[in-house]
Amino acid sequence: MKPTEHTFSGTASCPICNSRGNHTAAFEASWEFLGVHYRYLQCSNCGLVFADPLPDEPVLKEVYEHAYDYSYAVRFNRLKKIQAYHRAWRLRRILPRGASVLDYGCGHGYLVEALRHFGYNAYGFDVGYRPDTFAHSQFCFYGNDPEIVPIKTFDAVTCFHVLEHLRDPRSTLEKISERLVHRGLCVIAVPNYESLGQKFRGTNWVWLQQPYIHVMHFNAKNIRYVVDRFPGTIKKIWTADRWDASLYFVFVRPVANRIIRWLHIGKDIDQFHIVDEWLSILGAAASYAINPIHYFLKSGSELTIVISKSDSRLQR
């Protein structure tokens, strides 16, 4: 759904730092859903970009049961799997082989599958508003209650692209903490609002989406407010590009798609998606070459934070 242009500011309380300053509109636009106009405000204190109003649970349930586009993961299923194996391969740097891992927000379970391929004792959990859309795995739990996942069980919990969908990410992190053993690792990834792609694409940035889907957008500063109640120590924070928000996707793919259509390479929609997918794989691989620059400039599309659990409050 495309945004409607407006001009406004707001004084809603920031859901992360609780500041009630005169927050500015992140965009001169609003998105309508079920008769309510949602907008993005940017906190004048911590820089968090958040939905105003915050969608409540019945609205989120309606979104994910009837309005969310689940076909995206199916269309780009090969890329999703490649990404999962790439993530699992990178996790080998910080997790010993054989460690128990929970992927919180596992979706189709691709990361669980990849981790098991590399010798990890991996399981997944997802709320699953539409469990029929997921490729079920015997190693994944689906349901509204995370209590079905045992506590103090896992050496590590991954939480990739989950927190931005939630109206209360801190409570989810508390549930994650309960499922980690002492000194267990929590690896979190969210879209980076200060990425190069967002700065150039604005409301057309692939990871902006609507305020009732991506409820919050974080940067390297305010993500610390989110994890401040997590008992442990921040080990590392960095940014990097990912395939579906790489510089290829931001700058080249729109032009490439027009050329594909002009040349009639994909005469039907399935052929078009195949060509588009393979170009995306090559383009993402090329754009990953500049990830070292993103690391230092904090301009990559994805922000990752690693926390080691302890019995004390978070040490920054």
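**Close-up views**

**View 1. Lys298 lies in the loop between helix 10 and strand 14.** Helices (H or I, at least four residues) and strands (E, at least two) are DSSP runs, numbered from the N terminus. This is a predicted model: local features need pLDDT of at least 70, side-chain atom pairs count only at pLDDT 80 or more, and totals for chains, interfaces and linings use all residues. Residues are numbered from 1 along each chain as its sequence is written, and side-chain values use heavy atoms, with hydrogens and water left out. Phi of Lys298 is near 55°, a positive value in a residue other than glycine. Lys298 is partly exposed, because its relative accessibility is 43%. Buried means under 20% relative accessible area, exposed over 50%, and partly exposed in between (1.4 Å probe, protein chains only).

**View 2. A nonpolar surface patch is made by Ile293, Tyr295, Phe296 and Leu297.** Its area is about 470 Å². Ile293 sits in helix 10, residues 291–297. Patches take residues with over 30% relative accessible area and no salt bridge; like charges are joined within 9 Å, nonpolar side chains (Val, Leu, Ile, Met, Phe, Trp, Tyr) within 5 Å. A salt bridge is a side-chain nitrogen of Lys or Arg within 4 Å of a carboxyl oxygen of Asp or Glu. Accessible areas come from the Shrake-Rupley method with a 1.4 Å probe; for residues, only the protein chains shown count as cover.

**View 3. Lys309 is a buried lysine in strand 14.** The strand covers residues 302–309. Lys309 counts as buried because its relative accessible area is 10%. Beyond its neighbours within four places in sequence, Lys309 is in contact (heavy atoms within 4.5 Å) with Ser177, Leu180, Val181, His182, Arg183, Gly184, Phe230, Pro231 and Gly232.

**View 4. The structure holds 11 aromatic pairs.** In one of them, the ring centres of Trp31 and Tyr40 are 5.5 Å apart and the planes lie at 75°, so the pair is edge-to-face. Tyr64 and Tyr68 form a tilted pair, 5.1 Å centre to centre with 50° between the planes. Rings of Phe, Tyr and Trp (its six-membered ring) pair if their centres lie within 6.5 Å; planes under 30 degrees apart count as stacked, over 60 as edge-to-face and the rest as tilted. Trp31 is buried at 3% relative accessibility, and Tyr40 is buried at 1%. Tyr64 is buried at 8%, whereas Tyr68 is partly exposed at 27%. Ring pairs also link Phe27, Trp31 and Tyr40 into a cluster.

**View 5. Gln198 is found in helix 6.** The helix spans residues 196–201. With 7% relative accessibility, Gln198 is buried. Leaving aside neighbours within four places in sequence, Gln198 is in contact with Phe27, Tyr193 and Trp205. Gln198 and Leu208 are 10 residues apart in sequence and 7.8 Å apart in space, C-alpha to C-alpha.

**View 6. Asp52 and Pro53 are joined by a cis peptide bond.** Omega is about 0°. Pro53 lies in the loop between strand 6 (49–52) and helix 1 (57–67). Most residues other than glycine have a negative phi, and most peptide bonds are trans.

**View 7. Leu34 has a positive phi.** The angle is near 55°. Leu34 lies in the loop between strand 4 (29–33) and strand 5 (36–42). Leu34 is exposed, with a relative accessible area of 56%.
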